[in-house]
Amino acid sequence: MSTPVLFDLPGPKARARIRIGTIVGALLIAGIVAFVLIRLNGNGQLDPQRWAILTDPRSGVPQALGEALLRTLQVAAVGMVLATALGLLLAVGRLSDHAWVRAPASTFIEFFRAIPLLVVIFALYFVLPKFGLEISAFAALTGGLVLYNSAVLAEIFRAGILSVDRGQREAALGLGMRKSQVMTLVLLPQAVRRMLPVLVAQLVVLLKDSSLGFIISYFELLRQARSLVEFFVPRFGNEYTFQIYVAAGLIYIMINVLLSQLAKYIERRTRRNKKAAAVHELPGVEDGPTGTPSRTGLSTTTT
Amino acid sequence: MQFYVDNFGLFRDAFLTTLSLSLLGGLLALVLGTLLAAFRVSPITPLRGLATFYVETFRNTPLTVVFFFIIFGLPQIDFVIGFFPGAVLAIGLYTAAFVCEAVRSGINAVASGQAEAARALGLTFGQSLREVVLPQAFRTVVPPLGNVLLAMVKNTSIAAGFAVSELSSLLPRLVNANAGELVLVLIGVVVGYMLITVPSAFALHRVERRVAILR
């Protein structure tokens, strides 16, 4: 940290006060942690035998969680690819010169950004079958993620395309390129490079949202954990409940932290890269909760 | 139309549940988030570390997992919490991390001369933050903060998976209705969310214009 603006560097007295405060605070936090551990221990949750179930292949738990992790990643991978492709199409559609292309694309984007993702998933899962279109939990979850995130990604792509210097487009048109060539050869490559950090951040959000499968009984990590617990409870009571939940939660958090680190790495690299260095402040784009550009105010994302 | 009249009570209760989830969760998120932002710029290193840890953890945890830990995890250390208070807690704790980041970006956007002048006048860190920096920071962060809160309104739908009968939960609950009626339910749910988000977005826009600082 360079010289801070908000406060003077603490002098000797302030440093002593801070030190005392730190010790008291550390004791307080240690006390809370100890309290939690004691409670857990009192309930026998720290018994190593109980945790052994997570690593013992004979219990079937590691396999089940492994498969659930795979299913989570499957949804996320399929969702990411389809959402990016659809988002790109929508972005180009919204920037089209033809009103009959622009209007539907804009409506689609604004509609799906305005309603909760879970409602989209519910609509696919509960309402479609009423019209004779039976669809699996996997399809409903992936479909919801794709529809919702493609709308968000479209706005990211659009902001990126609009941020490319106007001269680029004019020069390309001046060279006699067709509009489609200008878009695919000149604008998109520059836009994507600029928007990469925001793009990856949004894809992390998509992965996080795949946990919504829990609610429609798609057997991703959380739902698998719940069903394992429901399987064990009649046999052993609540013996293993806590351990399985903690394992499922921690796996989720770990994948997300890894992907977020990747996003940060890409952002640093992009900033160093001279080709993308010309990034000026992009209009309305910021790495929100959400990581989404918002023009309408009525917008953004997500879990 | 008859369908909505018949089920008016159901829709009203669900809508009010979503509304109170949003208001209470938003309040908790705003208070906690601002406190965390103050921690993140404070002179005390451990407080900065604590707030950073909190934000990084909650930003990387799916909201469903936060719900999961609060509803199923807390009872394991003998804290039994109801579904509705649990939902408010989950939404508030989760959104606080994003509120913190928004407010912090606002604090960074306040011209450094302001803080320097406050210090030169002899204001302490707490005073300069309260009296000088935060009032200006809040004015600049109305749009991003609004986005965070609107996203939160949509996130309250996740409570449907944890036995809170808010708007989205109407769909699985009324799933035995016939096709036409279920579409009506869907429309009702979407309209319910719009009833919250559209006026809020409008109000936020007004506030934004009102408090904007000319620089």
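Student: In this predicted model, does A:Ser217 count as buried, partly exposed or exposed, and what number of C-beta neighbours inside 10 Å places it there?

Tutor: A:Ser217 is found in the loop between H8 and helix H9 (221-236) of chain A. A residue is called buried if 20 or more other C-beta atoms lie within 10 Å of its own, and exposed if 12 or fewer do. A:Ser217 has 14 such neighbours, and therefore counts as partly exposed.

Student: Is B:Ala163 buried, partly exposed or exposed?

Tutor: The count of other C-beta atoms within 10 Å of B:Ala163 is 13. Being buried would need 20 or more and being exposed 12 or fewer, so B:Ala163 is partly exposed.

Student: Where in chain A is A:Thr184 placed, and what distance separates its C-alpha atom from that of A:Val78?

Tutor: A:Thr184 has its place in helix H8 of chain A, and it is partly exposed because 13 other C-beta atoms lie within 10 Å. A:Thr184 and A:Val78 are 106 residues apart along the chain, and their C-alpha atoms are separated by 24 Å.

Student: How do helix H3 and helix H6 of chain A pack, and are they parallel or oblique to each other?

Tutor: Two packed helices are described by the angle between their axes and the distance between the axes. For H3 (residues 61-94) and H6 (residues 137-163) of chain A, the axes are 6 Å apart and the angle is about 40°. Angles under 35 degrees count as roughly parallel, and H3(A) and H6(A) are therefore oblique to each other.

Student: What is the handedness of the crossing of H3(A) and H6(A), and how do the residues of their contact divide by class?

Tutor: H3(A) passes H6(A) in a crossing that is right-handed. The residues of the contact of H3(A) with H6(A) comprise two charged, six polar and 17 nonpolar.

Student: How many residues does the largest nonpolar core have, and with which residues is A:Ile121 in contact?

Tutor: The largest nonpolar core has 132 residues, and A:Ile121 is among those with the most contacts inside it, as are residues of chain B including B:Phe67 and B:Val99. Leaving aside neighbours within four places in sequence, A:Ile121 is in contact with A:Ala140, A:Leu141, A:Gly144, A:Leu212 and A:Ile216.

Student: Which helix supplies the largest share of the side of chain A that touches chain B?

Tutor: Between the two chains, 52 residues of chain A are in contact with 55 residues of chain B. H1 (12-42), H5 (117-127), H8 (179-209) and H10 (241-272) of chain A each supply at least two residues of the side that touches chain B. By class, that side of chain A has 28 nonpolar, 18 polar and six charged residues, and its largest share, eight residues, comes from H10(A).

Student: How many helices and strands are there in chain B, and what percentage of its 215 residues count as buried?

Tutor: Chain B has 10 helices and zero strands, and its C-alpha trace spans about 70 × 45 × 20 Å along the principal axes. Among its contacts between residues at least 6 apart in sequence, 74% join residues at least 24 apart. Of the 215 residues of chain B, the share that counts as buried is 44%.

Terms used
Residues are numbered from 1 along each chain as its sequence is written. Chains are lettered from A and ligands numbered from 1 in the order in which they are written. This is a predicted model: local features need pLDDT of at least 70, side-chain atom pairs count only at pLDDT 80 or more; totals for chains, interfaces and linings use all residues. A nonpolar core is a set of buried Ala, Val, Leu, Ile, Met, Phe, Trp, Tyr and Cys residues joined through C-beta atoms within 7 Å. Two residues are in contact if their C-beta atoms, placed from the backbone, lie within 7 Å. Axes are lines fitted to C-alpha atoms, for helices over the stretch in contact, and angles run from 0 to 180 degrees between N-to-C directions. Helices (H or I, at least four residues) and strands (E, at least two) are DSSP runs, numbered from the N terminus. Angles under 35 degrees count as roughly parallel, over 145 as roughly antiparallel, 65 to 115 as roughly perpendicular and the rest as oblique. A crossing is left-handed if the near helix is turned anticlockwise from the far one by less than a right angle, and right-handed if clockwise. Ala, Val, Leu, Ile, Met, Phe, Trp, Tyr, Cys and Pro count as nonpolar, Asp, Glu, Lys and Arg as charged, and the others, Gly among them, as polar.
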